[in-house]
Amino acid sequence: VHRGPCRVFRIDAETGAETGHLDVPSPCGHAGGLATGGGGNLYVADTHTLFVTPVQANGPFRRIALGPGIVGGLAMSATDGIWIGTYNENGPGRLYHFVTATLAALKDGDTLRAEQAAATLTIPDYAQGVATGAGALWVARSDTRWGTLDRIDPVSGRLVHRYDAIPEIEGLAFDASGRLWAVSEAGA
């Protein structure tokens, strides 16, 4: 319950058909985010572990433990690395930016620590997904009964607008056309 094997699917954007998949090894059991960053790697953020593999490969994965304070609740791609965000129901969460050089230096079994982050941002409570686009940081927030999409000023961290959304809205991403896409929790 609440944990199980993790699988990454590659989907054709035009047809929606699966064009491949990749199984993420144990202990992945509750993947919270998927990102690509500099260096051609795919990153899967799980609650306590970051899994890393080259985008064009079928593994093997490096397993990087997430140190104190970092929970792989969500992830976001960046040109120079990735962002990993912490889900928190009892107050603001944190978003950590790790650059490619820091991530590349980590070996299988190493630990990624908060002090290795190039930058951190405070994000709202119940954050389930993040994306940047249209001059803002967008945060999907939800639980089983409600959902919102927050537009946040990326410099000040100030909430610009809050939009109602479906319960259990989670991952967010912008496509090349500037459209914002969202995914919901299974069964939502």
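In the predicted model, strand β8 (residues 81–85) and strand β9 (residues 93–99) pair in the antiparallel sense over five bridges, where strands are DSSP runs of E of at least two residues, numbered from the N terminus, and pairing requires that DSSP finds at least two bridges between two strands. Within this pair, I84 stands opposite Y96 in β9. Both strands belong to an open sheet of four strands with antiparallel pairing and the order β7-β8-β9-β11, in which the edge strands β7 (74–78) and β11 (119–123) each pair on one side only.

Local features need pLDDT of at least 70 and side-chain atom pairs count only at pLDDT 80 or more, whereas totals for chains, interfaces and linings use all residues. Residues are numbered from 1 along each chain as its sequence is written, and side-chain values use heavy atoms, with hydrogens and water left out.

Leaving aside neighbours within four places in sequence, I84 is in contact (heavy atoms within 4.5 Å) with residues including L50, L66, F98 and L112.

T49 is found in strand β5 and counts as buried (under 20% relative accessible area, 1.4 Å probe, protein chains only) because its relative accessibility is 9%. With neighbours within four places in sequence left aside, T49 is in contact with P27, V44, R63, I64 and L66.

Technical notes
Buried means under 20% relative accessible area, exposed over 50%, partly exposed in between (1.4 Å probe, protein chains only).
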